[in-house]
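Colleague: I would like to learn how to read a structure like this one. Could we take it feature by feature?
Modeller: Gladly. Let us look at it together.

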Amino acid sequence: MNDDLNDLYQEVILEHAKSPRNFKVLPDANRVAHGTNPLCGDNYTVYLVMDGDVVRDASFQGSGCAISKASASLLTSTIKGKTRADVEALFGKVHDMVTTGHADDSMGKLAAFAGVHKFPARVKCAILSWHAAKAAVAGGGTVSTEGEENA
Amino acid sequence: MTPPTPDWQKLRADFPILDQQVHGHPLVYFDNAATSQKPRAVIDALVRYYERDNANVHRGIHELSNRATAGYEAARVRTAKYLNARDPHEIVFTRGTTEGINLVAQAWGSQFIKAGDVILATEMEHHSDIVPWQLLAARTGAKLRFLPIRDDDHTLDLARLDEFLTRDVKLFAMAHISNALGVVNPVAELCARARQLGAVTLVDGAQSAGHLPVDVQAIGCDFFAFSGHKMCGPTGSGALYGRREVLEATPPYMGGGEMISTVDYDHSTWNTIPHKFEAGTPDISAPIGLHAAMDYLDAIGRENIWRHDQELAEHCHDRLASLNGVRLFGPAKGRAGLVSFLLNDVHAHDVVTIADRYGVALRGGHHCTQPLMKKLGVPSTARASFYFYNTKAEVDRFIEVVKEIQKFFGV
């Protein structure tokens, strides 16, 4: 298997794609955002329970490729307990990482997505649920990756 | 007369692009339903036009304009012959199938579709043969209906044709070949049934025009739209065939130069067909390149191309069917040169990403047929689509890559 592919499909990504965490509807969610990738049909809904500015619980539902599903799984695991500002800052870091490959030490498991930058067509898969999460902490709504670079 | 079966391997040398490595592997180009590659003869025709003959067409007096006009109009005559139209005036140059269908929806539709009329399409249509009708229906108050596909082999459910093709159907639009399934529709039979009821017919020939002999008179359609870039021609080339009587009754599409006869400040009169539908300076090089593509394809013989397409598709289908965990779409036999499939629960984009790293160019996604994907109950499929320059050895290589993908995802 070639090295770039191993960088893209890291163990942690394959594992989360196979057994996604927080893959359910949160009945008491007070923020819901829907993310679609119109070009490929990837489709996720992110559910948040927010207490003021803080994410108390997070989940997702939907369908898509291994990259997008693993990304949503790790996202919902990561943002619990974080503030809206934290989530927005993390969005910026993830976006930077999947487009340039640079991951700083604070990224933890999310650093698994650094390999995505070698696959420009897959950037939108990795970032889709992050767009939805960013919209959800801001109040919810529908977002799409239509304007994403290399989409 | 069908030319003898060509040496397919030798024809590959006509396509400079095929001779390359992708990610360290020989390129296997299986995305022909999206766009085909271009032979040297077409590339040369474009270069020759721009190096020797480029000028604006029509109304020019000087030599270059005469040459450009002659080349442009010769392409129209060639296209009429290619489709066996009665008359070159029945050929309107477009940027491709999408523009052809939109021209019909906007120009013909605005004149002839009224509130309460029914526009009938099929469940396997490409977005370009759905959305223009939705816009037309919204504008006019017409109803849009879809002839269903069968659950087993995904061909049209012809047993239900009478239920859908009723007297209030004013237009019946259908794909000749489904880009997502490889289903070949019985267009001549469908057009004959529609004609009996007085409905106008449009055949979306995007996937057929470069792959099998097309005779618009034998099909009996009123409109036939196709794209040049899927049949060895340049992007931006294509044409709409319209039966003369129907085209003449159709009001203009876009207003501007070339499409007029006389213009006053308060009114204008229209040019004759097909110029009435070709406002503004067209892409002159596109039909000239398309002309070269048609000559190239007919030298090979479209009967030969079709046989080769079908052999590759059947071989690919049968080999995929022999693997575990492969879900196939469309019929087992008689399919056009493409195979849509899914591997276990691996998403099509993951299949395509990995195949690409082995040099195999596939397409994964909804193939611009979202309603069909919903009907099939899948978000997307992966698709391998062939042309005459593809070989059995490439299909076998692709099958080895599919096995690698299954191994990679542990399925």
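Colleague: Let us begin with strand pairing. Which residue is the bridge partner of B:V203 in β9(B)?
Modeller: First, the general idea. Strands of a sheet pair through backbone hydrogen bonds, either parallel or antiparallel. Here, B:V203 has B:F224 as its bridge partner in β9(B). Keep in mind that this is a predicted model.

Colleague: How many bridges join β8 of chain B to β9(B)?
Modeller: Three bridges join them. Strand β8 covers residues 200–204 of chain B, and it runs parallel to β9(B).

Colleague: What is the order of the strands in that sheet of chain B?
Modeller: The order is β4-β10-β9-β8-β7-β5-β6. That makes an open sheet of seven strands with mixed pairing. Look at the edges next: β4 and β6 (143–147) of chain B stand there. Each has a single partner strand, so one side of each is left without a neighbour in the sheet. From one strand to the next, the twist averages 20°.

Colleague: Which helix lies across β4, β7, β8, β9 and β10 of chain B?
Modeller: That is helix α4, residues 97–112 of chain B. Helix α4 runs at about 150° to β9(B).

Colleague: Which way do the residues of β10(B) point?
Modeller: Start with the rule. In a regular strand the side chains alternate between the two faces of the sheet. In β10(B), one way is taken by B:G238, B:L240 and B:G242. The other way is taken by B:A239 and B:Y241.

Colleague: What pairs with β10(B) in the antiparallel sense over three bridges?
Modeller: Strand β4, residues 91–93 of chain B, does. There, B:F93 stands opposite B:A239. Strand β9 (residues 223–227) of chain B is also antiparallel to β10(B), joined by five bridges. In that pairing, B:F223 stands opposite B:G242.

Colleague: Now a helix. Which residues of α11(B) are buried?
Modeller: The general idea is spacing. An α-helix has 3.6 residues a turn, so residues three or four places apart point the same way. In α11(B), the buried residues include B:R302, B:I305, B:H308, B:D309, B:L312, B:A313 and B:C316. What covers the buried residues of α11(B) includes α10 (285–300), β14 (338–343) and α14 (392–408) of chain B.

Colleague: What should helix α11 of chain B span?
Modeller: At 1.5 Å a residue, its 20 residues (302–321) should span 28 Å. The end C-alpha atoms of α11 of chain B are 28 Å apart, which agrees.

Colleague: On to chain A. How many helices and strands does chain A have?
Modeller: Chain A has five helices and four strands. Along the sequence, the pattern is α-α-β-β-β-α-α-α-β.

Colleague: What radius of gyration would a compact globule of 151 residues have?
Modeller: It would be near 15 Å. Chain A has 14 Å, which agrees. Of the 151 residues of chain A, 48% count as buried.

Colleague: In what order do the four strands of chain A lie?
Modeller: They lie in the order β3-β2-β1-β4, as an open sheet with mixed pairing. The edges belong to β3 (54–63) and β4 (141–144) of chain A. Neighbouring strands of this sheet are turned by 20° against each other on average, direction ignored. Strands β2 (residues 42–51) and β3 of chain A pair in the antiparallel sense over nine bridges. One example is A:T45, whose bridge partner in β3(A) is A:Q61.

Colleague: Which helix of chain A lies across β2 and β3?
Modeller: Helix α3 (residues 66–78) does, running at about 165° to β3(A). Helix α5 (residues 123–137) of chain A packs on the sheet too, touching β1 (31–37), β2, β3 and β4 of chain A.

Colleague: Last, the contact between the chains. How many residues come from each chain?
Modeller: Chain B gives 13 residues and chain A gives 14 residues. On the chain B side, α12(B) gives the most, with five residues. That side divides into four nonpolar, seven polar and two charged residues.

Notes
Residues are numbered from 1 along each chain as its sequence is written. Chains are lettered from A and ligands numbered from 1 in the order in which they are written. This is a predicted model: local features need pLDDT of at least 70, side-chain atom pairs count only at pLDDT 80 or more; totals for chains, interfaces and linings use all residues. Two residues are in contact if their C-beta atoms, placed from the backbone, lie within 7 Å. Helices (H or I, at least four residues) and strands (E, at least two) are DSSP runs, numbered from the N terminus. Ala, Val, Leu, Ile, Met, Phe, Trp, Tyr, Cys and Pro count as nonpolar, Asp, Glu, Lys and Arg as charged, and the others, Gly among them, as polar. The radius of gyration is taken over C-alpha atoms; the globule rule is 2.2 Å times the number of residues to the power 0.38. A residue is buried if 20 or more other C-beta atoms lie within 10 Å of its own, exposed if 12 or fewer, and partly exposed in between; C-beta atoms are placed from the backbone. The expected span of a helix is 1.5 Å times one less than its number of residues. Two strands pair if DSSP finds at least two bridges between them. Axes are lines fitted to C-alpha atoms, for helices over the stretch in contact, and angles run from 0 to 180 degrees between N-to-C directions.
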